[in-house]
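Please consult the sequence and the coordinates alongside the text.

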Amino acid sequence: MTMDKTVSTAAEAVADIGSGSSLAVGGFGLCGNPMILITALLELGSDDLSIVSNNCGVDDWGLGILLAHRRIRKMTSSYVGENKEFERQFLSGELEVELTPQGTLAEKLRAGGSGIAAFFTQTGVGTQVAEGGLPRRYDGSGGVAIASEPKPVQTFSVRGEDKLFVLEEAITTDFALVHAGKGDRHGNLVFDKSARNFSPLAAMAGRVCIAQVEELVEPGEIDPDAVHLPGVFVHRVLEVGTDIEKRIERRTVRSTKGA
């Protein structure tokens, strides 16, 4: 594999993401959404996609644009409350949804990228997360067409106390799409603030990781101690510049009256 992992266009970066592919996509809310890559994937026309991401964007931004064009078959997410089209498709039976506790989702991605097949966690014990029955697809008439299956639960002694843990399987995907503030030609990445929450984990889980970076630098220009994700996990790097559009989910400002 060549050490220069840069590609010249977004279309080139996503060209082999075919219909039916699975993807892990970085971002936390609207922070760190790889919009250039998502838009290129929309233009490519691939559909029947299975996507793992903390959320599905909003109706006209983030993964929401793929959803609006009916390109997504299944979403595995932890938070889906900002997208009305997501709600409509889920309740009408058009979209399969696997809701996962946020910390568990993060660890499932990290485990997948680390070669760990599964892990035990207390999160979800005593709920439908462990016991099954969570709706994953509705039938369009208010009934449940597909529900989650029960997961193995086992007792472990923790600090001298027996506690129940549920077995969660790791997540790996065909591709990963992430946005980074800075990257070099070897694929070493630096993420900005809350965009770091899920992006490194999504990148690790993808068999092929594609990163869009605002600033592309030469190898050695990033202090090794500042690298958030080493280039061993990254396969393609696309420079998108610093003047790309960035959105805020809910802008709240304080009144200046009387200040």
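## Fold and cores

Among contacts in the protein chain (heavy atoms within 4.5 Å) between residues at least 6 apart in sequence, 71% join residues at least 24 apart. The model is predicted, with local features requiring pLDDT of at least 70 and side-chain atom pairs counted only at pLDDT 80 or more, whereas totals for chains, interfaces and linings use all residues. Residues are numbered from 1 along each chain as its sequence is written, and side-chain values use heavy atoms, leaving out hydrogens and water.

The chain contains seven helices and 13 strands; these are DSSP runs numbered from the N terminus, helices being H or I of at least four residues and strands E of at least two. A compact globule of 259 residues would have a radius of gyration near 18 Å, and the 19 Å of the protein chain agrees with this; the radius is taken over C-alpha atoms, and the globule rule is 2.2 Å times the number of residues to the power 0.38.

| Property of the protein chain | Value |
|---|---|
| Box filled by the C-alpha atoms, along the principal axes | roughly 55 × 50 × 45 Å |
| Share of the 259 residues that count as buried | 47% |
| Accessible surface | about 12800 Å² |
| Share of that surface belonging to carbon and sulfur atoms | 49% |

Buried means under 20% relative accessible area, with a 1.4 Å probe and protein chains only. The surface area comes from the Shrake-Rupley method with a 1.4 Å probe.

A nonpolar core is a set of buried Ala, Val, Leu, Ile, Met, Phe, Trp, Tyr and Cys residues joined through side-chain atoms within 4.5 Å. The largest such core has 37 residues, and L23 and I51 have the most contacts inside it. Helix 2 (residues 35-44) supplies the largest share of this core, six residues. Beyond its neighbours within four places in sequence, I51 contacts L23, V25, L63, L66, I72, K74, M75 and T76. Another core, of 23 residues, lies apart from the largest one and includes F191, F198, A211 and V213.

Within helix 2, the buried residues include M35, L37, I38, A40, L41 and L42. Just after this helix, G45 adopts a positive phi of about 95°.

Strand 12 (residues 206-217) contains L216. Residues up to four places away in sequence aside, L216 touches T6, G183, D184, R185, V237 and E239.

Conventions:
Buried means under 20% relative accessible area, exposed over 50%, partly exposed in between (1.4 Å probe, protein chains only).
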